[in-house]
Amino acid sequence: MKKFRFTPLIYTIILILTSCTENFYNFSGVTWGTTYNITYRSDVRLDDSISTAMRAIDNSLSMFNPKSTVARINSGTDMYADSLVADIMRLSAMVNKCSGGAFDPTVGPLVEIWGFGTGEQRDEPVLADIASARARVGFDKCRMENGMIHFACDGMRLDFSAIAKGYGVDQVAGMLERNGCTDYMVEIGGEINARGTNPNGKPWRIQIDAPVPDSDGNAMHTRLMVIELRDAALATSGNYRNYRRTDKGTHIVHTISPLTGYPVKTATLSVSVIAGSCALADALATAAMAMPYPDARSMIDKLPDAEALFVLADSTGSFKVMATDGFPE
């Protein structure tokens with residue numbers, strides 16, 4: 001069984017001419033299984049502080065760090081929610097409600113049996129496996145009280161993979177702002193928070209990719225459009241680059257519906273969401289992928305702080321683009 005690694009659906013265009021930019025720094029590398037690229041204007045380098053902020057996210061929210069707060073909660077060894085877990089729980093509750101349950105950070109048991117979790121990959125689950133996993137899924141079965149997480153039944157777990165990356169972007173951005181930075185672009189795995197202007201004194205220009213992966217599902221960074229991002233965050237979710245095939249050749253996408261227990265099958269190939277925070281944009285993009293297009297569009301239209309671009313498969317085998325009224329041209 002082959003599982004394709006996540007690659008960013010958004011590609012950041014950064015034109016940095018070091019000889020004619022003043023007090024702009026670039027810091028890039030690898031974290032959380034993906035790449036990051038951060039550009040900021042400051043009187044001093046803040047790379048160590050950026051690394052510290054990213055380690056704090058890993059130590060709190062990572063599913064792959066056995067010593068993280070979430071890992072300890074999921075194992076039942078320590079149910080205490082630190083400040084980051086408490087904060088992301090509140091935001092998750094809001095998106096869970098406005099999406100009608102399509103966004104659900106307790107979906108982990110279903111993600112695991114479909115082969116996208118932390119365990120070994122497996123073949124397509126049988127009906128009994130799906131029913132058993134669904135019984136352990138439901139954000140209404142999880143509550144936070146007096147700083148402690150409580151699960152209604154054994155085997156439940158928290159998985160913030162669909163929001164933690166965007167939340168981490170916001171944490172780095174917040175650190176930069178606390179240190180006086182007004183011009184920056186924080187990008188982690190394609191999720192972006194951008195403020196002020198770029199090193200050329202112009203708005204940050206962000207490329208959104210078209211859903212055309214190569215035969216192995218790898219990123220091609222084929223341009224769909226380039227937008228200017230002004231004091232906002234942007235996140236994209238899609239199935240066409242994050243999927244796996246079983247030994248039998250079955251194509252399984254990574255977006256699993258917590259409502260049905262099965263991988264989502266809709267015409268939506270990708271969704272790009274602009275919002276005031278990257279965590280919100282990240283969660284809404286994931287929710288929109290788990291919903292039929294009309295429902296996802298209605299959800300975004302009802303939110304005052306969000307706009308979205310939908311890429312939908314059409315009957316010709318190509319795709320069409322639909323955007324909310326406030327999405328940048």
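Mentor: Let us begin with two helices: H1 and H3 are roughly perpendicular to each other, a term for angles of 65 to 115 degrees. This is a predicted model in which local features need pLDDT of at least 70, side-chain atom pairs count only at pLDDT 80 or more, and totals for chains, interfaces and linings use all residues. Residues are numbered from 1 along each chain as its sequence is written, and side-chain values use heavy atoms, leaving out hydrogens and water.

Trainee: At what angle do the axes of H1 and H3 cross?

Mentor: The axes of H1 (residues 47-61) and H3 cross at roughly 75° and come within 9 Å.

Trainee: And which residues of H1 and H3 meet?

Mentor: Ala56, Ile57, Ser60 and Leu61 in H1 meet Leu84, Val85 and Ile88 in H3, contact being heavy atoms within 4.5 Å. This set divides into 6 nonpolar residues, 1 polar and no charged.

Trainee: Changing topic, which residues of helix H8 are buried?

Mentor: In H8 (residues 293-301) they are Tyr293, Ala296, Arg297, Met299 and Ile300; buried means under 20% relative accessible area, exposed over 50%, partly exposed in between (1.4 Å probe, protein chains only). Seen down the axis of H8, these buried residues fall within an arc of 160°, so they line one face of the helix.

Trainee: What do the buried residues of H8 pack against?

Mentor: Their partners include helix H3 (83-98), helix H7 (278-289) and strand S14 (268-275).

Trainee: Now Asn146: is it buried or exposed?

Mentor: Asn146 is exposed, with a relative accessible area of 75%. Asn146 lies in the loop between strands S5 (142-145) and S6 (148-151), and its phi is near 55°, a positive value in a residue other than glycine.

Conventions
Helices (H or I, at least four residues) and strands (E, at least two) are DSSP runs, numbered from the N terminus. The arc is that of the directions from the helix axis to the C-beta atoms. Axes are lines fitted to C-alpha atoms, for helices over the stretch in contact, and angles run from 0 to 180 degrees between N-to-C directions. Angles under 35 degrees count as roughly parallel, over 145 as roughly antiparallel, 65 to 115 as roughly perpendicular and the rest as oblique. Ala, Val, Leu, Ile, Met, Phe, Trp, Tyr, Cys and Pro count as nonpolar, Asp, Glu, Lys and Arg as charged, and the others, Gly among them, as polar.
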